[in-house]
Amino acid sequence: MTILVTGGAGFIGSNFVLDWLAQSDEPVVNLDLLTYAGNLQNLASLQGDARHVFVQGDIGDRVLVDGLLATHKPRAVLHFAAESHVDRSIHGPGAFIKTNVEGTFTLLEATRAYWQALPEAERGAFRFHHVSTDEVYGSLAPDAPAFTETHPYEPNSPYSASKAASDHLVRAWHHTYGLPVVTTNCSNNYGPWHFPEKLIPLMIVNALAGKPLPVYGDGRQVRDWLYVSDHCSAIRAVLAGGRLGETYNIGGWNEKANIEIVHTVCALLDELRPSAEGPYARLITHVKDRPGHDRRYAIDARKIELELGWRPAETFGTGIRKTVQWYLDHADWVANVQSGGYREWLTTNYAARA
Ligand code: NAD
Ligand code: DAU
């Protein structure tokens, strides 16, 4: 038995592959294009491990995907690959349509052809697990109930619209062709190997470099944070026991305003790596807001808890401490991801916000 993971060199995908192989000997074929967000360093501990087969390539390359499915005969496809950063989707939405919509379409079509040709017993056991986001549901008013799986789709950014489109394709491939799919919609992840373009790693990396900590607008936007290994355990639970064609929301019951997150990161750094210049919070700088910025996300995770018995293992307090410590312990990784491309992105995104 083998699973095919797409996007397994990215933040969540690499955490998933590492977690999977720490808990099981079932091999993983890892298809990743290695965009700016993909990094084989995340998987360095698997070098020489025959259970991990890495293939650099595009989910939109039908010939490649057909060949991988025919060669490795996976019992499941876990689809993480995506363009994932909202700010980048505002500056350049084309890549999001190409990978998240067209790429998912190609992957679904290749998977359908492979699945239809499987012997009946294997066809029944096969799964296509689509990894998606809570952002497809849009923005919540401050006192509105958290997103359930039946919340209407109201995506507001090019990123969330492209993910919503991919969710709809996955749903349609189940209803029309009977492809055995499950979809998970998760809240904001944080933890090791998180590329420092996203809020939490950016704040840690900037603070350690003595740079401004750019908080969009008033910083009162709310996200629901989940430690990444809890997302991985939820995916394993849904893959193993989720009902076909169903979606499952995944979240940590950890709603926090961005400004609170930034202060927490600063306080942890003050404790673990104090600066001679004074408290890190001195670097907090309010900058021009993200266009179309969603005000609040919150996940109602009761369905996965009640049906599958999943619960997060980490609280925000334990998870954020581990995360800050991980960045302090991995200065080499941080230095290596700060390439010329990364610096160009910082200029593109932040120069006009000052
Ligand atoms: P990421 O940007 O860190 O990683 C994406 C990975 O996909 C990279 O390794 C990249 O090289 C690869 N990739 C991109 N285009 C590809 C293509 N055309 N073919 C093959 N590989 C390609 O993203 P992430 O934060 O790890 O997110 C993974 C998935 O989880 C995404 O589908 C995202 O929408 C979803 N998600 C993310 C979060 C979050 O907080 N980060 C929350 C919920 C859901
Ligand atoms: O909700 C799940 C989603 O979470 C995932 O689907 C996305 O892939 C992932 O990137 C994340 O999206 P967000 O837009 O919520 O994450 P980001 O880290 O970019 O921003 C978190 C919040 O922090 C958001 O309200 C914007 C704000 N922010 C972000 C950056 C990068 C700032 O205030 N300053 C910043 O510099």
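**Note on the salt bridges**

1. Glu260 is partly exposed, with 38% relative accessible area. Here buried means under 20% relative accessible area, exposed over 50%, and partly exposed in between (1.4 Å probe, protein chains only). The model is predicted: local features need pLDDT of at least 70, side-chain atom pairs count only at pLDDT 80 or more, and totals for chains, interfaces and linings use all residues. Residues are numbered from 1 along each chain as its sequence is written, chains are lettered from A and ligands numbered from 1 in the order in which they are written, and side-chain values use heavy atoms, with hydrogens and water left out.

2. Glu260 has a salt-bridge partner, Lys256 (3.9 Å, N to O). A salt bridge is a side-chain nitrogen of Lys or Arg within 4 Å of a carboxyl oxygen of Asp or Glu. Lys256 is buried, at 18% relative accessible area.

3. Salt bridges with shared partners link Arg243, Glu246, Lys303 and Glu307 into one network. Within it, Arg243 pairs with Glu246; their closest N and O atoms are 3.6 Å apart. Arg243 is partly exposed, at 43% relative accessibility. Glu246 is partly exposed too, at 23%.

4. How many salt bridges does the structure hold? The count is 21. One of them joins Arg290 to Asp87 (2.8 Å, N to O). Arg290 sits in the loop between β12 (284–287) and α10 (302–308), and Asp87 in helix α3 (residues 86–91), so the pair ties together parts 203 residues apart in sequence. Helices (H or I, at least four residues) and strands (E, at least two) are DSSP runs, numbered from the N terminus. Arg290 and Asp87 are both buried.
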